[in-house]
Amino acid sequence: MRRKVIKMLGILFVSGLLTAGASLAVNSYVYRQGRPLIQSSDQVKPAQVALVFGAYVLPNGTPSAAVEDRLLTALELYQDGKVQKFLITGDHGHDDYDEVNAMKSYLEKKGIPKKDIFLDHAGFDTYQSLVRARDVFGVKDTILVTQEFHLPRALYIAKALGLQAEGVTADRRNLLNLQAMELREVGARLKAFAEVSVGRSPKYLGPAIDLAGDAAVTHDKG
């Protein structure tokens with residue numbers, strides 16, 4: 001009996017080591033695929049659109065610090081002529097929670113014309129945002145705007161989907177929960193690798209939207 005227990009513990013131990021090793025290898029692969037595509041704002045190549053990832057917005061519609069930093073970074077790219085349009089992608093799956101309109105309102109207050117702010121209301125996660133950017137909005141080349149901890153994964157997915165993408169970091173301040181978000185990336189990279197591997201379909205697609213047209217077709221609140 002004792003030998004069986006020891007053998008079982010040994011199997012579990014080896015299985016744990018193999019699982020941990022595989023997880024580390026996948027994380028390293030995803031990171032190494034995306035990290036070289038990060039550029040400074042002055043070195044990044046001009047692109048069709050700045051794709052700005054949503055995140056938590058406050059109940060009163062104010063962007064969180066992370067989201068505001070993404071918007072300010074994308075705004076600078078627009079003002080410098082690196083992009084002509086914004087594609088704001090985030091979670092608007094419920095009437096009482098709306099990331100994309102909060103971000104649109106912020107940009108409008110900074111003087112950005114409504115016609116240049118496209119909204120993706122069904123960007124429920126990074127993978128779905130990028131698939132929809134390609135398949136709904138017809139994005140071919142883009143600058144991804146988010147924090148550095150998030151960019152390697154986002155750029156890995158974009159590259160795997162055939163998008164011409166570079167990334168610009170939006171680390172304009174020290175975020176209070178940065179360590180927690182970096183830890184979360186370990187699991188998120190595993191998820192991204194699995195999604196890319198199986199070609200997961202997003203929850204929603206929909207009719208094609210022309211980025212050369214007026215962004216008003218994506219606006220639900222004027």
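Helices (H or I, at least four residues) and strands (E, at least two) are DSSP runs, numbered from the N terminus. The structure on your screen is a predicted model, in which local features need pLDDT of at least 70 and side-chain atom pairs count only at pLDDT 80 or more, while totals for chains, interfaces and linings use all residues. Residues are numbered from 1 along each chain as its sequence is written, and side-chain values use heavy atoms, with hydrogens and water left out.

**Stop one: helix H6**

Select residues 178-198, which form helix H6. H6 has 21 residues and reaches 30 Å from its first C-alpha to its last, close to the 30 Å expected at 1.5 Å a residue, where the expected span is 1.5 Å times one less than the number of residues. Now pick Val 186, where H6 bends by about 30°; the bend is the angle between axes fitted to the seven residues ending there and the seven starting there. Next colour Met 181, Glu 185, Ala 188, Arg 189, Ala 192 and Glu 195, the buried residues of H6 (buried means under 20% relative accessible area, exposed over 50%, partly exposed in between, with a 1.4 Å probe and protein chains only). Gly 199 follows H6 and has a positive phi, near 65°.

**Stop two: Leu 211**

Move on to Leu 211, in the segment after H6. Leu 211 is buried, with a relative accessible area of 6%. Leaving aside residues up to four places away in sequence, Leu 211 touches Gln 48, Val 49, Lys 85, Phe 118, Phe 137 and Val 139, where contact means heavy atoms within 4.5 Å. Select Gln 84 as well: its C-alpha atom is 9.9 Å from that of Leu 211, although the two are 127 residues apart along the chain.

**Stop three: the largest pocket**

A pocket, on a 1 Å grid over the protein atoms alone, is an open set of points where a 1.4 Å probe fits, with protein on both sides within 12 Å along at least five of seven lines, and lining residues have an atom within 4 Å of a point. The largest pocket holds about 660 Å³ of space, a volume being the space filled by probe spheres set on the grid points, which are joined across faces, edges and corners. Select Gly 54, Ala 55, Tyr 56, Arg 70 and Arg 184, the closest to its centre of the 31 lining residues. Helix H2 (65-79), helix H4 (126-135) and H6 each supply at least two residues of this lining, and H6 gives the most, with seven.
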